Structures are given as C-alpha cells and as structure tokens.
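Please read the numbered points with the sequence and the model at hand.

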Amino acid sequence: MSEADDHRGRLAALRAEMAREGLAGFIIPHADEHQSEYLPASAERLAWLTGFTGSAGTAIVLADAAAVFVDGRYTLQVVAEVDGALFAPQHLVEMPPARWLAEHVHAGDRIGYDPWLMTVAEVRRLAAACAGAGAEFVPVACNLVDQVWTDRPEPPTGAVSLHPVSLAGEAADDKITRLQQMVADRKADAAVLGQADSIAWTFNLRGSDIAHNPVALAWAILPRSGKPSLFIDGRKLSNAVRDALSGLAVISEPARLPDALAKLGRDKAAVLVEPRMTAEAVAKLVIGAGGTIVEGADPASLPKARKNETEIAGSRRAHIRDGAAMVRFLAWLDANAEAGIDEITAAGRLAALRAETAKADGSELVDLSFDTISGAGPNGAIVHYRVSPETNRTLEPGSLYLVDSGAQYRDGTTDITRTVAIGAPSAGMRDRFTRVLKGHIAVASARFPAGTTGIQLDAFARRPLWEAGLDFDHGTGHGIGSFLSVHEGPVSISKRGEAPLEPGMILSDEPGFYKTGAYGIRIENLVLVTPPAEIPDGERAMLGFETLSWCPIDRRLIDSDLLSPAEIAWVDAYHARLAPLLGRLLDDTEKEWLVAATLPLRTPSA
C-alpha cells in the first residue's frame, strides 16, 4: 500500500468515527496536552493523519472537505508532504482556521475537538466561528484520531535528572517562592503550569521525553503558599531524583491531575492560567467544579526568559565551543565540497564535530537542539527543511548551501545558521545575501529604550529587503532557553512580538531570503539583551544586544559596495574576534582557514 493510500484510509477511518459520534467535523492540531512545539511520537496525530511533519499546523476534517493550515515557514513543505486531493493546504494568515470553518460549516453541525489539545484561547476563537454559522463546537471525551490510530506509540517515559544550581544559578525553592508571590500578586489562589520548559525551569529538573528538548512532560499546581504539587509519571524518577523533588513538591501521577483541578474548583479557588498555552480541559475542570479562572501569563515565563548571570556565563561558554565546531565544519566543507558531499553527510559531519569539540573543551554534547536543516540549492528555500534519503541533494558548484543547526550543552543552548557559496556565486545571490546581512546587522547593532517590543525591531531586519521588493515569511528572532527549549517565549522579534525585551533575554537574529526552486539564505546569531547604557550626548539610557554566536559570515557572498562604512566596520570587528575566541579549539589547518575567512572586507580573499 502506498503512503497516499495510507493517508486516504486514515482519513476515511476518521470520518467514519466522526459519523459514529454524530459529528460533522473534527479539529486536529499539532499539539499535545502541554502545548509543546516538538511532540513525542505518541502525540504526532497531525503527521499520522496528513503526512505533514512541520512543528506548527492544524487540520480540520469535515465530512466533505478537509484542510491543513500552516504558516509561512511551511508553505512549500506542506505541498510536498500532503496529498492535496485529501487536504487542501491553507496559509493560516491568509485563511485562518476560524474563517475557513465559518465558511464551510452549516447550521446545526457539531464540530468536535479534544479539550486537552486545544487552548482556552483557541477554543474561544473557533467556538465563536461555529456559533456565527449556527454550528456547535463540542468537546469529545476521547480523541477521535486515537480511536482509529491502532498502532499509536506509547507516551514517553524518559528519565529525569536534576539541573544543578551551579548551572541554574538559583535554587528551585527560591524560584518557587518568587513564583508564589507572583500568583498572589495576581489575586489568584493557585497557578497551573503545563508547559514542560516552565516546569523544568521551576523545579531545576531536566528530562528526555521530547527529542532535542531536555524536558519532562508533567503538570504542576503552584499554590500561593505551601508546597506545590507535581504530576509526573513515576517511571521517570530514580529514587534519588524522587527524594530531591519530594522536598520541593507533593509528587503524584498525571492521572490524579483532573481530581486535583476539580478540588480547586470545589474550594472556590481562583486559578491562574495562560489562555494561549493552557488546555481548555484545565479551565473546564476548575470552572465545572465551582472555581474561577484568572487569565494571565504563565508566572514562570518571564523569569525563565530573563537569564541570570550564571546562565549568561554558561551560554557564553557554550557558544565558544559551538562556534569552534562550526569553524571546523566550514573548513572541512571548503576542503571537500568538490568531492560530492551531500546534505546527509554534511549534517552528520557537523554533529560529529560538535561532539568532538565539546569533549575537547571538557564538556559534553547532550543532544542537538533540533534536527539540523541541511539544505543544498532549492532545498535551502524550504525554511524548515528536513533532509531525508528521498530528498537528499549533493552540494553542487554554483549553488548555495544553508545549514541551520544547534546544540544542547548542559551550560547552554545554541542555534546558528550560515549560508555558504559552493563555487562561484551569482551576482543575484550576492545581492540577496548582502541585503539579508544588512538586516542582520541592523538588529545586532540596534539601540532601543526600555519597553521596546519585538514588533518594533522586526522591521529593522526587513528594510533592506523591502527596498528591493523582497521579504521573508518567518519571524526575525525567537527566544531561546538555557539548556531548555530552542524556541522559548514570551519574547520574539517578529510581527507578533508583543512582549518587551528585557536585559538577560537571549534571542535569535535571523533574517532570510528564499527563492523558490533555487536557493535559501539565512544568517543567524544569538544575541543577549544588555542593560541600559548611556549614549554620548543622549538623553536616556538604551538597551542593546551582545552577540553570542561566533562563526564567519561567508565573505564570498558579501557585496561590500552595498554596505555602509558602519556595516563594513561591524563585519570586520565581528570577524576580528573569532580567532582569539576560538583558536584554542582549532588545529593549525583550521586556524589558517579561519584567518583567510575573516580577512577585512576590503581585502581580496586569499
């Protein structure tokens, strides 16, 4: 049976289940109960049903129509992976799921959803869309996909470890006390924590339930005073870890969570939840038992994003060893590109060099921080491309190669993208690359007052592209965790980045350009928000960014005639720092390559 036949059969089975339940439609989000970005295999319902493997998306299945909604990162990928005869691909900005639903449902229809997989805010939005068409949005007791997914994997039971204060910078009991004060300040009696990275940060634990994300899937109830409750599968806990966590919280199995939420309701508690990140089922259990919901931010979200001095120092160390691994990789790539390297070989070599370099630095590569995006030629134009044996391409002369990768070290998480020329680049490639570089520099060198949001900075990265009638369909930057999730809220540099940037936050700076069917360009470093500092003759102190990532930017792709003197000075100053920072982790040949790769821009290439 072909893959297309598999998905056709699965869709038919789901529709039969919908008919048995008296439903005219069903929603399948890319989500688990914790609203994780990256999912365990047991929660990959969207991929199982449709074939779409991206990290964000939603499917709506009706009796006579079905669609998959993705953002701009995945418009090419969804077409390549999903049978358009079964699921119509939709851009969720141009055609939001709520609008599509309102246009396709009929009066009297019952549209089902799993309240553990959809957030309070999502349910509110889609319920309103259904109501406007005279339809009803109804929760189901059992997920309909699970009813027909006969070989669904078991949920993960990865081992939990403790994250030492020497790396965390703050004891878990002190964090809990801080968060409890925040709960009290919101006039709430308790907060429900469902996001795995919030729980990992709060309790100084790390896990292995999700590939590349050192988190454990769990829940916590944080009262305004007294011991929190931690709901986690006991199979994940060694005796030593259980003993340590028991000193911080009452440990229970996740199956006990609904009873605990109902008890909060019976006690008439006011419970703080983040409506955009908390399962609708949580609110329903509290309200249904007599409690009330206080809508507000996850109390761990901002403290987690504001890295302390210990975490910042760890990130700086991690980026030096990571930068050295990247230099070793690019030197190898330059020496061997004409030998017919393919995307899979390149990604494997980079992973091996990261492990070697970390060991040489007396550290450990715990994992990659995501599947390496290793895109040659037209594959580089697929923003979140994932190489497979079927799509694997050889790096060819006259093309561009985009590599977006990162690592999980115990002292920090990294994420870096470089685009390199294989052979001689065209004038058009150099123009586009230089415009992306100008946007990258504009963000990296920005000075801005307290209260500035990512929305305000996003245009800095886009202006050089806009001037040429160009743009990119992803955010300019995302937050990043400290040996935690590679994508961390609440901050971002994007058209939706509403949270103010604050000192200690770490974000990516990654503008790009993608020419469908030809090549992709992205330049990404991580940057740290620095405290307010005076500017000579200025009237108020300004925040700024400190660059954390260290790796050459391909001089062969830079048209220095398009750069201002200040931009040229930025590139030369950045390159001048690389050899002193990274040299101790490089051999003589790699050092020679680095010297040539970082010559001043007005100097001809060696």
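1. Cys551 is buried, with a relative accessible area of 0%; here buried means under 20% relative accessible area, exposed means over 50%, and partly exposed lies in between, using a 1.4 Å probe and protein chains only. Cys130 is likewise buried, at 0%. The structure holds 0 disulfides, a disulfide being a pair of cysteine sulfur atoms within 2.5 Å.

2. A word on the basis of these remarks. This is a predicted model, in which local features need pLDDT of at least 70 and side-chain atom pairs count only at pLDDT 80 or more, while totals for chains, interfaces and linings use all residues. Residues are numbered from 1 along each chain as its sequence is written, and side-chain values use heavy atoms, with hydrogens and water left out.

3. On overall form, the protein has 606 residues and a radius of gyration of 25 Å, which agrees with the value near 25 Å that a compact globule would have. The radius is taken over C-alpha atoms, and the globule rule is 2.2 Å times the number of residues to the power 0.38. Along the principal axes, the C-alpha atoms fill a box of roughly 70 × 55 × 50 Å. The protein contains 20 helices and 27 strands; these are DSSP runs numbered from the N terminus, with helices (H or I) of at least four residues and strands (E) of at least two.

4. How much of the protein is buried? Buried residues make up 58% of the 606 residues. The accessible surface comes to about 23900 Å², and 52% of that surface belongs to carbon and sulfur atoms. Accessible areas come from the Shrake-Rupley method with a 1.4 Å probe, and for residues only the protein chains shown count as cover. Of the contacts between residues at least 6 apart in sequence, 70% join residues at least 24 apart, where contact means heavy atoms within 4.5 Å.

5. The count of salt bridges comes to 37, a salt bridge being a side-chain nitrogen of Lys or Arg within 4 Å of a carboxyl oxygen of Asp or Glu. One of them joins Glu567 and Lys438, whose closest N and O atoms are 2.9 Å apart. Because Glu567 lies in helix H18 (residues 565-576) and Lys438 in helix H16 (residues 427-444), this pair ties together parts that are 129 residues apart in sequence. Both Glu567 and Lys438 are buried.

6. Arg386 forms a salt bridge with Asp371, with the closest N and O atoms 3.4 Å apart. This pair links distant parts of the chain, 15 residues apart: Arg386 is in the loop between strand S16 (373-376) and strand S17 (399-405), and Asp371 is in the loop between strand S15 (365-368) and S16. Arg386 is partly exposed at 48%, and Asp371 is partly exposed at 35%. In the pair of Arg178 and Glu170, the closest N and O atoms are 2.8 Å apart; Arg178 is partly exposed at 36%, whereas Glu170 is buried at 16%.

7. Which residues form a network of salt bridges? Arg317, Arg321, Asp361, Asp411 and Arg584 are linked in this way.

8. In helix H4 (residues 97-104), the residues Pro97, Ala98, Trp100 and Leu101 are buried. Seen down the axis of H4, its buried residues fall within an arc of 165°, so they line one face of the helix; the arc is that of the directions from the helix axis to the C-beta atoms. The buried residues of H4 pack against strands S2 (58-62), S3 (66-70), S4 (88-91) and S5 (110-113), and against helix H5 (120-132).

9. Some backbone details remain. Gly489 and Pro490 are joined by a cis peptide bond, with omega of about 5°, and Pro490 is found in strand S22 (residues 488-493). Phe483 has a positive phi near 50° although it is a residue other than glycine; Phe483 lies in the loop between strand S21 (477-479) and S22 and is buried at 1% relative accessibility. Gln35, also not a glycine, has a positive phi of about 55°. Gln35 sits in the loop between strand S1 (25-29) and helix H2 (45-50) and is buried at 14%.
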